[in-house]
Each structure stands twice: as structure tokens, then as C-alpha cells.
Amino acid sequence: MAAALLCLLLAALAGVGTAWPAAAGSAARLRLQVEADAAGVGQNLVPNPSFEEVAQGRPVGWSWDRRNTDATFALVNDAHSGRHAVRITNGTPTSPHVFGQMVLAGGVRLTPGQTYTLSLYAKSRDPGIAWVGGGEGWWMRLLLSGTGGKWRRFTQTFVARESVFPLMVNTDGPTTGFLVDDIKLEQGDHPTPFLDALETRPVELVLEAPTVLSVPGAEATLRAFIHVGEGASPGPARVTLSPAGGKPLTATTRALPPGLSRLQISWTPGARPAQHWQVTVKVGNRTEQASLQLYTAASYQAAEREARAAIAALQATKARAAARGVPTNYARAARVIAQRFLGVAARKRDADLLPAATADAQFLAALCREQDATLRATLAGKQPRREVPNPSLTGLRLGDGCFWAGDEPVMLVGALGYDELERELDTYRDYGFNVIGDDFNAFSAFQMLRGEEQWDETALPRLAANWDRLRQLNLVAAYNPTLHYFPEWALTRYPDITGGDPVDRLPDWSGLNRHAGQRVKTYGGFFPFAIDSPNLRRLVSRYYGKLMPELAKHSLFHVIWLMNEPTYRSTDPHYLELFRAYLRRKFPDIAALNAAWGTQHPSFDAIGYPAQAGSPAKWDWLTFHQDQVASWFEWLAAEIKQHHPRALLSNKPMAWTLLHPEEGIDWEREAELWEIPGCDASRSPDTSTYAFGWVEAAMLFDFQKSVAPEKPLADHEYHYVHSPNLSSEYVRATYFHSYLHGLRMSQFWVWSTGQIGPGAAGAGMDHTAWSQPRVAWGTATAALDLRRLARYIAAFPGRPKVRLYYSRPSLYLDHATHTGGILHAYQAANGLDAPVGFITDRMIRAGKLDGCELLIVPAATHVERNVRAAIEAYARAGGHVALLGESLSRDEYGRPHPTPLALPDDRTVRLEKVDRDALVPALEQAYQWAGVSRPVRALTPQGRPAWPVECRVAVVDGRRVCAIVGLNREPVTVRLEAQPPVRGWEDLITGRRGKGRTLTVKPLDVSLLRLEP
């Protein structure tokens, strides 16, 4: 093989439970050891792992299925080893159950309970959401990430659960392409070299050198494998190790015998090792080189000393600034982050994660030095003061889509957590946070009801004491009196709570599968009960009757969100009876129902759950189902309000369910019901098209603002971090983007260090936000900046003049077509310099198309007759309509409308292609044709939209303020076009000023530009 194996073998090369001695000796030493055998090379259990056996253009034993995507598969010659690799592309937006996959026929035979390691080589700029793995239910997933266009090895160790392990390569989201080669599945707890495709040269050399090498002890070790063909005489192997800025180390072996030899390269780096090393192995005319970063106990200790010194210096400068009345918010955040996360770095060191520990300590030292210099410059009058308002939050009010303290808007930013958050509460405000997800104690749970007449009498006093503390800290509480921690005695006593099915206990929500083998029942996300159960409602009413009067007494400003990540499905007999009763009320007789459905049911009693996707029965089932779930939440709200009339209510469904009505969430009624429409939304750093994944969250916020523009929005479980090594810039971009789309309150998941190193972790407890200091700094500065600039953020997103039709009939009956149309059209429209909104069937019937400059109908094949007529009337009255693909041709039962669609030709544009990339120029033309208001345009030097750069404008204090978010993946030059022309600008976030109308927007850039006319 020509390329070096650049695999991360940290687990294999690091000891366990190391006592962290200093490196022995002051001089580096090198020694070599050669063994003429294949010891240490595990047997590969995957057939045709390098795709060298090919038949009819496909690798033998592997199949490809693009399923419901436009993903492509090809064999290419750009291989890691041998002649072939697999290339996969995908242009389909990410959505649940939407994927393409390559599958190994028959899977791989394993021994349950044994440890195995899966590895492969991949190459890409950005693979999107892609993984290799499988198992039953696809439980084992090795996620791929960008490799900078170079081959890189990915590995994951697991314990087998099944005897036949399904193995596959999946693409779950858009990517311009990724390559896969040399898949290996072997027994053992670490990966060994891939030697299946040895070339036929006389001498083959494989150097096993990771890009990052952790050395917890005194000696570092690498390996190389050398294959000498019969008759070849390559002589000895020569190894050279070159430390950056130091003297190279060289050693030579004896002449190598024929066959496979394993070369162990060991050296003592010395007490003060260089961090960067280059290793060269030469055998005959074959040479392999690799560069690596070396981390030792000594390098960590040096970084830790630098961080402690920088913390002390910053603390001294901060004290001087405070004494002179100079604001120190950002310095306080840097100091508290450095103090906390230096302890986290020590935990990483103790878990043999030396590279991460050292990098964290180095970052914290640099952060404190930077903030110390900034604060000293402020003291010297060379930097402007950055004052962050800190009004009393006890008397906040709601209005015009915001929270208000007096006449000033307030942005609420904080965390969600449990015991760790409670222990660190005294420093919570230092990070810049002003709201807290207050469910870190069991007093919030339904389980305080211990029996029919028994209560945990300590719960409410603990609640009051805790809220007294939060009020003293000037915090807002986002409080969840959770129902999913149900009183277990009631669950087992009253069978109607679980639809008549007996259970042993509550489900385990931790993600650790602790209740395996026991009888449990769920109806969806965090729903362990049937909403139509009489005993359930009686007990909930008693719980609220006990809890809510206590909440009403407390002056702490609090928002109550009702349920955690709710989704609901039921086919219980009683639920079906309710459905049949609904049908009897809707249809005069069974004949009328059969005529609508195209069925032959003999009676209403014969109707069951309509499982067939797209069937006419789905319209009535999902209408009934969403009404039932919405009515449940309305009942909960009424129960709370009778005890706490001033309660500010919210909820926390997951954002992705906006396009999945079968999960039961009616987002339109949610937005109308709650004082503060809430959600649980996700952002991600991995996407092939954008600088970060933003579509799910922003689309929901734009939907909620369309339905309830006067209400502030909340994300009660702000998801943005589920992977390591994320930047502060990424974090800040997600926050600003969400708040510019109407978010006003958020609590991030999760204030917990989570699992450090190997071991079982609960749901969302790997690579948490609060295990990464860069993420903490990005979160803290985003919170401080959003609070400091609240009056400007409050002006966004503005009322949309462009609206996408959200068609319930199409969503229910032609789900894939309509959701695909929405996703493509929304993304295309978002980068065209105007706020994008939605309009629903009910909004159209209520006359809310008035004021819409362009209505986009995104492949909505199905529409009710009166809604269709309202759209026709809107166009006849001068409105503009863009039809994407086939639209408005069938009714809510899938029947063709009896008359053709009557839209005036001069008010209608028809676009056949509905994919995002084709829609960008097509919608730009439609915007121009419709005269869509765009006071400031972000254009390329060639005059085209700078898509996907996001540009929005608002007027604050009579001045134009332009928000720019770098959703682009590569830097782009942007020209701001406006009337009157832009002559210059000031970035309100950084204080930076610029002349003219041209600027460079880099990926993840966020700017709030006050424009100079």
C-alpha cells in the first residue's frame, strides 16, 4: 500500500489507570524490535472488504439501494488500497426514515458478548450524515466526518449482541460525496492494520502512525508491518524520528527475512518533548512517512501551569476594572469557564485522553490572556466598554414577540441540567445566563404523589426554597412539572392508564436500557400512559391541584412547560372506539364514509386503524388523532389555569415533528394555545451544503411566528452539541441564527460534563456541551451579546411577505412529495434576502393571505375546496402565486377536483423542478416578478444572490440594521445593494467598522451591521 495508515489508536497505545509520572531522562532515545510474524494483525471477518471483486459493476457480496433518496453509488479508482473504492453522494434533505444504503449480503457472523472493532478508511470534504455499522435495529453506528480530502481511518469498538451482524454503509443526509474503502471487522478492543489487499511488489510497507499520539508514560510506541516477497533482498529497515526544532533520532534493523515482519518503534521523547514529530521508515526502495502530534504528561502539565497563571492575571485585572466601575461581564465569563474547565481537563487527563486535556488547557490559557488584554485596553481607554444590561427579571412582561423589562426587550439564555447544575449554581450568572431549566430536583415530578392520599410532603418546601435562591440570583425559571416520571404504584394499579395492558414499571428514559426484559408500555416520546384514561386524568388533576397553588404564590418569574418531547400514537381498543365515534359524528351513515374513502366497510364497528400510507382514511384518522392530542394539552392547560390563572404556559415537542403529523403534534394549535410557543430543536455542525445544520430549528420558528407573531418563542432543550471538537464560532452562529428567527428563550442541553472516556453513558451524555471549553465560551459570549444587543435582535425576523403553503391534506395523503417540496422551497427562499413565513389552511380560510406578496405552493397536491377557492380569489385580487410541481389538483380524500384550477396566468408562475438548487434562481425571478420587498440585497460581485448567505434588515431608531449570517461553506464576497446606497457600516457585535458596501462573509460569520446611508 502506498499510503500511510493514519489511524487513531489512542485506546490501544494509552495505558489504563496511569499514575502520570514525569518522562524519565532528559534525552530522547530510540530502539527498534523486529518479529517475523503477523502477531497483532486481527483476522478480517468482512468478505470483499476492499471491493476488489467486481461483477456487473458492483462489488461482489454488496448491494446498493438508494431507497427514498436521490443518492448515487459508484466504484471509483481513487482507492486507499488496491484498485477500487466506493463513492456515495446524496442530495436529499435529512428527514426521519430517509436514507440510502450499501449492505453486505448475509451480514457477518459474531459471538454475542465478545468484543469487536469495526474500522474503515473514508475520504471526503463533508460526508453529511453518514455512518458504517448496523446490528439488529442498526444500533451500532460509526459516524463519518470530513477528512479534508485525505484518506483517514475511522474505528469503533463494541460488544456483539447478535450472532449475525447486519453490516451497511448509510447516507442519511445531503453530501456532495464520500469515499469508503478497506472495511475491517475483527475481534478485539482495538483496530489492527488492514492487510487484505497487499500489493504484489517485492516489498510492501505499512506504517501504523496516528496523526495524534498520546503517551501517558515515559515511552512512545509505533508499529510498522513489512511484507517481503520470495526472492527479494531489501536489506534492513531504517527508521528516522525528527522532532520539530530538535535533533533527529535514527536506528536500523538487521536484514529482514521473507514474509511478514512486525516492526515495533519505541522511543523516549525526553522530559521536554517537542509536540510535532515526523517518522520515516525506509526498506529497500520503499519509504513511508507520517507526521504526528505527540502528547505526554509533561506537555499537559506545562499547559496547565500556563492556564493557572493566565487565570490569576485575569482575576487581578478584573478586580482593578471592577474597582473603577468598568464592566467585566466577558472577563467574568472567561474566568469562570477557565476555572471550571481546567478541572474537566484534569478528568480527561486521568481518563487517558491526553490530547484533549492538553488542547483544553492551552485554549483556556489563550482565552484568559486574550480577555486580560481586552480588559486592560478598556481600562486604558483604547477599547469601548461592553455593558450588558441586568434588569430585575421578577416583573417581566410579554408583548410584541418578546419579554420586556420596562421599555427594554430581554433575551433569555441559559441551561438545562440536573445535580451538576445545582452544585454549580453559585457561579451560574458569571457565564452570562439569566434563565434556567429548573428540573434538577425530584420535586418537579408527578412521583411526589405517593398514594391516593399520600404525598411527599418535603417536595413543595424544597421547591419554594430553591425558587427563593433562583430569585436572589435574578433568574427566570423554565419549569417542567413532568408527567413522564409517573407514580409507579398508579401505573400498576389502574390498567386503563396503559390501555388495559398490564405493566411492571415505568419505561427507562435514560437511554441505558435498564428495564430490559420487564413489561413496559409507551405511546411515544415520554408518554407512558393513554391520554383517554379516566384514572390518569383524575390523578393529574390531583397533582396539579397540589402543586399549582404553590407556584402561583411565588414571585419568581417562571414559565411552565408541560411535557418533555411528546409524541403520541395509539391503537388501543378505546382509542379506536373514539375514532369510530368521531366518524359517526362526521358522516351521516357508513355509505357516505365508503363513498369518501373508496372502501366497502359493512359498518363503523368494522373500521380499524388505517395503516396504509396515503389512503383517504388517513385524512380522517390524522385529523382525529391530532385533535385528540391537542385536546389533551388544552385540558392540561385548563387544569393548571384554574389553580394558577397567571401561569405562562409552554410545551416542548420536538421540532422535526412539524412535518410528521402521525406523531400527533398539531403545531398550529400549539402556537395558538401557549403564551410562549415552545419546542425542542436541533442544530448540527455536519452538513454538506451549509456551514452548520439550521433548517429544522429555523423552519419551526418561522412557522410558529407565522401563526402567532405576537408571542415570544422558547426552545426548552436547545440542542447544538453532540460531537467533540466544536468551535466557539459554530456555537455563536447557531444562537444568533435562532434568535434572529424569533427565539427569545432557550435552555441548552446539557449542563453536565457527561461521560469522559470509555463507559456507558445515558442519552445525550457523550461529548456534551459542558465537556468542551470552546463550546462554553461560544455559549457564554452568545448569551452576553444577545442580552447586550436585545433591542436590535428584537426587531427580527420581521413580518414575512413571502409565505409557503403548509397543506394538511397534502401532508396527510402525499407526505413525501409535500414535505420534500417544503424542505427544498424553504431552503431556497431563506437565502433570498426576505423573511420566509408559512400559511396554513385555517389561516387561509381566515383571510390571512392579505398582505402576502408571494404565495409559494410547494408541491401541495391535495387541498380542500374552500382553501383552493380562497387561493384563486387571492390571485384574482392581485396576489402572486408560485406553483411548484403538481399542486392543488386533488381534495382531502385524494379525489380530483371537478374543475380546473382557476388562477390568472399573469398572477401565476409554474415551476416544474422542486429541488433546492434549481429553485434558487427560479424563486429569485419569482421574487422580482412579484415585487417582493427586499430593502437590502446581499449579492455577489456578478449581481447574483449570495445564497445561502442569510441577509435580513430591520429599522431601529430610524437606522437600518442588517443581520448577516454566514450559512455558506466557503468565503464569499458580498455586495450590499440598497436605496439609499450603503456607504459604510458598524458591526454592533464586534464594534468593527467598514467603508463602502462590500464585505467578505466567511462560514459561521455573524454580523449585525448598522448601515451608513
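How many residues does helix H6 have, and how far does H6 reach from its first C-alpha to its last? Helix H6, residues 459–472, has 14 residues and reaches 20 Å, close to the 20 Å expected at 1.5 Å a residue (the expected span is 1.5 Å times one less than the number of residues). Helices (H or I, at least four residues) and strands (E, at least two) are DSSP runs here, numbered from the N terminus.

A word on the model itself: it is a predicted one, in which local features need pLDDT of at least 70 and side-chain atom pairs count only at pLDDT 80 or more, while totals for chains, interfaces and linings use all residues. Residues are numbered from 1 along each chain as its sequence is written, and side-chain values use heavy atoms, with hydrogens and water left out.

Back to H6. Its buried residues are Ala-459, Leu-460, Leu-463, Asn-466, Trp-467 and Leu-470; buried means under 20% relative accessible area, exposed over 50%, and partly exposed in between, with a 1.4 Å probe and protein chains only. An α-helix has 3.6 residues a turn, so residues three or four places apart point the same way. The buried residues of H6 pack against strands S28 (435–438), S31 (476–479) and S32 (558–564), and against helix H8 (534–553); contact means heavy atoms within 4.5 Å. On the face turned away from the buried side, H6 carries the exposed residues Pro-461 and Gln-472. After H6 comes Asn-474, with a positive phi near 60°.

Next, the open and closed spaces. On a 1 Å grid over the protein atoms alone, a cavity is a set of points where a 1.4 Å probe fits but cannot get out, and a pocket is an open set with protein on both sides within 12 Å along at least five of seven lines; lining residues have an atom within 4 Å of a point. Grid points are joined across faces, edges and corners, and a volume is the space filled by probe spheres set on the points.

The second largest pocket holds about 1200 Å³ of space. It is lined by 40 residues, and Arg-386, Arg-732, Asp-785, Ile-989 and Thr-990 are the closest to its centre. Helix H4 gives the largest share of this lining, eight residues. By class, the pocket lining has 14 nonpolar, twelve polar and 14 charged residues (Ala, Val, Leu, Ile, Met, Phe, Trp, Tyr, Cys and Pro count as nonpolar, Asp, Glu, Lys and Arg as charged, and the others, Gly among them, as polar).

Helix H4 also holds Thr-358, which is buried, with a relative accessible area of 0%. Leaving aside neighbours within four places in sequence, Thr-358 is in contact with Tyr-295, Ser-299, Tyr-300 and Ala-303.

As for cavities, the count comes to one of 30 Å³ or more. About 50 Å³ of space lies in the largest cavity, and helices H11 (616–643) and H12 (667–673) are the elements that give two or more residues to its lining. H11 supplies the largest share, four residues. Five nonpolar, one polar and four charged residues make up the cavity lining.

Finally, Glu-422 lies in helix H5, residues 419–423, and counts as partly exposed at 27% relative accessibility.
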